[in-house]
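Thanks for making time this morning. I would like to walk through a few local features, so please have the sequence and the 3D view open as I talk.

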Amino acid sequence: MSQANGLDRPKTKAVVITTAATLMILAAIGAGAQPALAAASPAGPAAAGAAGTVDWYVAPDGTVDYEHSAALAYAFLDDRVDEYCSADGMCLPRSYQGGFFTTPDWDFTSSFLYDDALIVMAYAARGLPDDIRRAQSIGDALLFVQQNDPDFSDGRTRASYQPASLRAGAVEIGSSASNTGNQAWVGMALARLFDVTGERKYLDGALRLADWIQQNTADTEHAPFGYTGGQDADGNPFTFKSTEHNIDVAAFFTQMSALTRDAVWADRAAVAAGFVAAMQTEDGHLWTGTHPDGVSTNYYPIPEDPQTWSYLATLDDRYASALAWTVENLHATDGPYAGPAFSSADVSKVWFEGSGQLALALRTRDSAGDADYTQSILASAELAQRQAANGDGRGIVASSSDGLDTGFGDLYYSSLHTGATAWYLLAVTGYNPFRLAVDPETPTVPSPEGEGEGVAPIADASGDVLAESGSEAPVVAIGVAGLALLVGASLLRRRHAAR
């Protein structure tokens, strides 16, 4: 974890949202929410994309069989999940393997919970019975480490754990920080498991994480308001605000509102979404957050993930320009590989986790030119699957070659990575991890003044309102950010790359 020590740059103009627009946004967020528990998806994994309903990516030129490629990638994840399990079936997969992370004298086996959350999402995307079983084995391990933290009993999780400790029924922490974005991703994974299985224990764990985020990171005193970065190993606060984290929080709290039917989570999601809107510049891209004062702007470096996640989490056209900015400014070419870099700090190597993110966002947007670029970066990731240094023909490596500089004090290596593999699978299955498959309480989203009565949510034959993953149906809370906020930027990021 490293401080983003960027240089001062001229500040962009503040994002101004009119009072009328703010009222519309808050109306959309709060309408219809009741403090009663929503039913889990009655169709189980089918509602989230079970076998036979997956929106497999098809190469326009027919050169790559992505279903076959995905089968290999799933086999890689299966082996990683099954490698470190307890006697009662809890599993935590190592995040990285091979190359830099595996030598005759050292084997790095840490399991980063952000990666684990992505694996849960990837399994939900395909939805086979063994996929859901493995997703639950991870979810049960997430609950175990949450409930058995050696230092705190407040519902937090840590950045990473040593997975072999599960075999002894113990919790051994790897990276001990409790970053806000990580809490939200673990929460979204548990929310997904509740939505797919109906098992209340997953929702209870997600709510503990949501409460921890609210109680420990909410900042409505220092504009732009939002959520700060979490806490270090000793419980000392990270006082920066991260755009990425606030995207995660907005999406997570929106899911909590949908699943619990408690409007307070929608109100809290609106605060995080407002921070994200305040970070957008005139040319469309998003800054990274704020300095530790929670107010002042830090302009360097500019990472890829807030650009893609802002669109995936909201499906709001205002963030479509961030995708265009990413294609134009973060494209990297490294030998036979092409795709986005991690950030503006180093565009000499491809960050394959970002390739999956950007491909999924462009598939979802489906504007002119998106198909060609999507094909190019997915074909490059599939090529890396087959022939990258330190690969195994199944998983996806983290970067096209060793030493990709994030600009935040971390490096990525050409080593097999569960997170990059999971994002690749999310892209080829067309599965959006920020959005629940079923949202029974999605309200009507008001139209701008003078343009009719609004867009009615989509409903199935039973009348239940649906917001399918990757669809353009409106989802409560984060579609449009509300509140007039000051612009700031930078952050101490939640970044799990090992040093």
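**A link, a contact and a hairpin**

Let me begin with Cys 85 and Cys 91, which are joined by a disulfide with an S to S distance of 2.1 Å, where a disulfide is a pair of cysteine sulfur atoms within 2.5 Å. Please keep in mind that this is a predicted model, in which local features need pLDDT of at least 70 and side-chain atom pairs count only at pLDDT 80 or more, while totals for chains, interfaces and linings use all residues. Residues are numbered from 1 along each chain as its sequence is written, and side-chain values use heavy atoms, with hydrogens and water left out.

The structure holds one disulfide, and the link of Cys 85 and Cys 91 is right-handed, with 105° about the S-S bond. Cys 85 counts as partly exposed because its relative accessibility is 22%, whereas Cys 91, at 5%, counts as buried; buried means under 20% relative accessible area, exposed over 50%, and partly exposed in between, with a 1.4 Å probe and protein chains only.

Turning to Arg 365, this residue lies in helix α12, residues 352–365 (helices are DSSP runs of H or I with at least four residues, strands runs of E with at least two, numbered from the N terminus). Arg 365 is buried, with a relative accessible area of 17%.

Finally, strand β8, residues 226–231, pairs with strand β9, residues 237–241, in the antiparallel sense over three bridges, where pairing requires that DSSP finds at least two bridges between two strands. Gln 231 has Pro 237 in β9 as its bridge partner, and in the hairpin, which has five residues between the strands, Gly 235 takes a positive phi near 85°.
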